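This briefing walks through one protein chain, from single residues to the whole fold. Please keep the sequence and the structure in view while reading.

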Amino acid sequence: MACAEALRAGRTKYGPVAGLPELRKAITVKLWRENHSEYAPDEIVVTCGAKEAIFAALQVLIGPGDEVIIPAPYWVSYSDEVLLCDGRPVIVATAEAQNFKLMPEALTQAITKRTKLLILNSPCNPTGAVYTKAELSALAEICTREGIWVLSDEIYEHLTYPPAEFVSFADAAPGHRERTVLVNGPSKAYAMTGWRIGFAAGPKQLIQAMLSWQGQVVTHPTTFAQHGAIAAYEGTQAPVAAMKKAFQERRDAMMHALEGIPNLGYSRPDGAFYLLPNVSAYLGKRGGRRISTSAELSDYLLDQAHIAVVPGEAFGTPGYLRFSYALGLPDLREGMQRFAEALRALQ
Ligand code: PLP
């Protein structure tokens, strides 16, 4: 509606590189209202999705050979974006038994003289892990001591399921503010994935540098789409709560289906819309051909059961499959039934 009105009103021209002032303002209000963090409009850059915000931050923060710590399983784009900036992704494995969360000891061990940045993602794609305030503070303490930047990707903030609660890194670690970049946007919270609007919030100097970069690369995100984002942030938030409830029902149905399948471990996801079952017990079996890896198992599932899952290899965690529950319940139930049958058929 707001976007259609903006189009009708001819708001189709170039605008400010940093994004519309009304949108930057709306984002500061959102950060205060929902995340208890105070940011000024000139500490915000509106980007073409959270993805561009991450890349812009990496572009200005990372130089050749700089190391970026990425806990695995990780969202597919992080490591490639670091490589595109000539940085070195340092992948740190997390344990299923610890709900795939980065432990302070593992972080400390991964730090070298070249470490520049830690990427955190809570709620996490693909694991659904949600860090508590205490867990974030413990990681922040190390980063503050070592002078390491933190990029906190908070794109799934509205999808957490009780008792889990979302905590923004800026809220958990106010003392680390000068080396914190928050990344967020309306894509997931308002089902606006195709609008390509996101934002980064951080210290003014960093945001200025990101603006210089953005100005030469995309100029700014689409003007009329930004009007839609303003409406999302300023309008009623009731649809967000309704969507969260629907996702929780789907998650519960998916967990129930997984529990009925023998030899399949999984860590209970507290957020986002993914499950990451451990399928290692099914590797080494035959389904027409020999299936040795989770990538081969996902091919088999696509060919035989016509269900699409993403193999753990894509997230730095072979032996797992990622299921997305961004589909209606009937389709999910049908998919899980086919999954169970396809696993049963393996010999
Ligand atoms: N961060 C994570 C963890 C994601 O899963 C995604 C999209 O799937 C993004 C960022 C990108 O968000 P956007 O569509 O706003 O660029």
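Thr-223 lies in helix α10. The model is a predicted one. The points below begin with this residue, then turn to the helix that holds it, and end with the chain as a whole.

- Is Thr-223 buried or exposed? Its relative accessible area is 10%, under the 20% cut-off, so Thr-223 counts as buried.
- Leaving out residues up to four places away in sequence, Thr-223 touches Arg-11, Lys-13, Tyr-14, Gly-15 and Leu-20.

**Helix α10 against helix α2**

- Helix α10 covers residues 223–234, and helix α2 covers residues 21–35.
- The two helices pack with their axes 9 Å apart, at an angle of about 30°.
- Angles under 35 degrees count as roughly parallel, and α2 and α10 are therefore roughly parallel to each other.
- The crossing in which α2 passes α10 is left-handed.
- Which residues meet in this contact? From α2 come Glu-22, Leu-23, Ala-26, Ile-27, Lys-30 and Arg-33, and from α10 come Gln-226, His-227, Ala-229, Ile-230, Tyr-233 and Glu-234.
- By class, the contact of α2 with α10 has six nonpolar, two polar and four charged residues.
- An α-helix has 3.6 residues a turn, so residues three or four places apart point the same way.

- Gln-237 lies in the loop between α10 and α11.
- With a relative accessible area of 24%, Gln-237 is partly exposed.
- Apart from neighbours within four places in sequence, Gln-237 is in contact with Arg-33, Glu-34, Tyr-190 and Ala-232.
- One of these, Arg-33, is also among the α2 residues that meet α10.
- Gln-237 and Val-167 are 70 residues apart along the chain, and their C-alpha atoms are separated by 18 Å.

**Helix α11 against helix α13**

- Helix α11 (residues 238–259) and helix α13 (residues 329–344) have axes that come within 10 Å and cross at roughly 15°.
- That angle makes α11 roughly parallel to α13.
- Here α11 passes α13 in a right-handed crossing.
- On the α11 side, the contact holds Glu-249, Arg-250, Ala-253, Met-254, Ala-257 and Leu-258.
- On the α13 side, Leu-329, Leu-332, Arg-333, Met-336 and Phe-339 take part.
- The contact of α11 with α13 is made up of eight nonpolar, no polar and three charged residues.

**Helix α4 and what covers it**

- Which residues of helix α4 (residues 77–84) are buried? They are Ser-77, Tyr-78, Ser-79, Glu-81 and Val-82.
- The cover over the buried residues of α4 includes helix α3 (49–61) and the strands β2 (67–72), β3 (88–93), β4 (115–121) and β5 (149–153).
- Just after α4, Asp-86 has a positive phi of about 65°.

**The whole chain**

- How many helices and strands does the protein chain have? Its secondary structure comes to 13 helices and 12 strands.
- The C-alpha trace spans about 60 × 50 × 35 Å along its principal axes.
- A compact globule of 347 residues would have a radius of gyration near 20 Å, and the 21 Å of the protein chain agrees with this.
- Of the 347 residues, 55% count as buried.
- Among contacts in the protein chain with a separation of 6 or more, 71% are between residues 24 or more positions apart.

Notes: Residues numbered from 1 in each chain as written. Predicted model: local features only at pLDDT ≥ 70, side-chain atom pairs only at ≥ 80, totals over all residues. Heavy atoms only, no water. Axes fitted to C-alpha atoms, helices over the stretch in contact; angles between N-to-C directions. Helix = DSSP H or I, 4+ residues; strand = E, 2+ residues; numbered from the N terminus. Parallel < 35°, antiparallel > 145°, perpendicular 65-115°, else oblique. Left-handed = near helix turned anticlockwise from the far one by under 90°. Contact = heavy atoms within 4.5 Å. Nonpolar A, V, L, I, M, F, W, Y, C, P; charged D, E, K, R; others polar. Rg over C-alpha atoms; globule rule 2.2 N^0.38 Å. Buried < 20%, exposed > 50% of the residue type's maximum accessible area, 1.4 Å probe, protein only.
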